[in-house]
Amino acid sequence: MSSRARLVAVLLLIPVVVVGGFLLGSMAGDDGGAGTVAVSDVDDDSQFAEDFLIPAGTADRIEAGEEVEIVPQELVMETGESIRIVNDDDVGHVVGVFYVGAGETLTQRFDTPGELSGECSVHPSGSFTLRVVEA
């Protein structure tokens, strides 16, 4: 391969490496250095330390300009505790790093301490931070 062909190949590979690294970091829970939290599935018989309901019509209320506060801006939980978010709305909602589709229920248990944060469609601030502390 000529040196020019190698240069072209390297220049074409750089965006792939950068974008791939960004996507892998996002999927791994990279939250800007605040740490990651190990989560696990929860069976239906579990007790939930926090249980939130996104009622039907929430997206319509938000679109009409109403401030909706279903979750707090910051939530502190202990390792081993579980959360449930039930979305009865006909629109999916983002709660920090979690996406809860229309008509879906999200349940998670938090196994390690750390912090997760992101956008939130069901809090007036537009953000949600979950801090998990050692039990």
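Student: What share of the 135 residues in the protein is buried, and what makes a residue count as buried?

Tutor: In this predicted model, buried residues make up 30% of the 135 residues, and a residue is counted among them because its relative accessible area falls under 20%.

Student: Which secondary structure elements does the protein have, and in what pattern do they follow along the sequence?

Tutor: The protein has two helices and nine strands, and read along the sequence they follow the pattern α-β-β-α-β-β-β-β-β-β-β.

Student: Why are D51 and R84 said to form a salt bridge?

Tutor: The closest N and O atoms of D51 and R84 are 2.5 Å apart, and the cut-off for a side-chain nitrogen of Arg and a carboxyl oxygen of Asp is 4 Å, so the pair qualifies as a salt bridge. It is one of four salt bridges in the structure. This pair links distant parts of the chain, with D51 in strand β2 (residues 50-54) and R84 in strand β4 (residues 82-87), 33 residues apart.

Student: Why is D51 called partly exposed, and what about R84?

Tutor: D51 has a relative accessible area of 42%, which lies between the limits of 20% and 50%, and therefore D51 is partly exposed. R84, at 26% relative accessibility, lies between those limits too, so R84 is also called partly exposed.

Student: Why are β3 and β8 called edge strands?

Tutor: Three strands form an open sheet in the order β3-β9-β8, with mixed pairing, and β3 (74-78) and β8 (114-119) are its edge strands, each pairing on one side only.

Student: How do you know that β3 and strand β9 pair?

Tutor: They share five bridges in the parallel sense, with β9 covering residues 127-133, and since at least two bridges are required, the two strands count as paired. Within this pairing, E74 stands opposite T129 in β9.

Notes:
Residues are numbered from 1 along each chain as its sequence is written. This is a predicted model: local features need pLDDT of at least 70, side-chain atom pairs count only at pLDDT 80 or more; totals for chains, interfaces and linings use all residues. Side-chain values use heavy atoms; hydrogens and water are left out. Helices (H or I, at least four residues) and strands (E, at least two) are DSSP runs, numbered from the N terminus. Buried means under 20% relative accessible area, exposed over 50%, partly exposed in between (1.4 Å probe, protein chains only).
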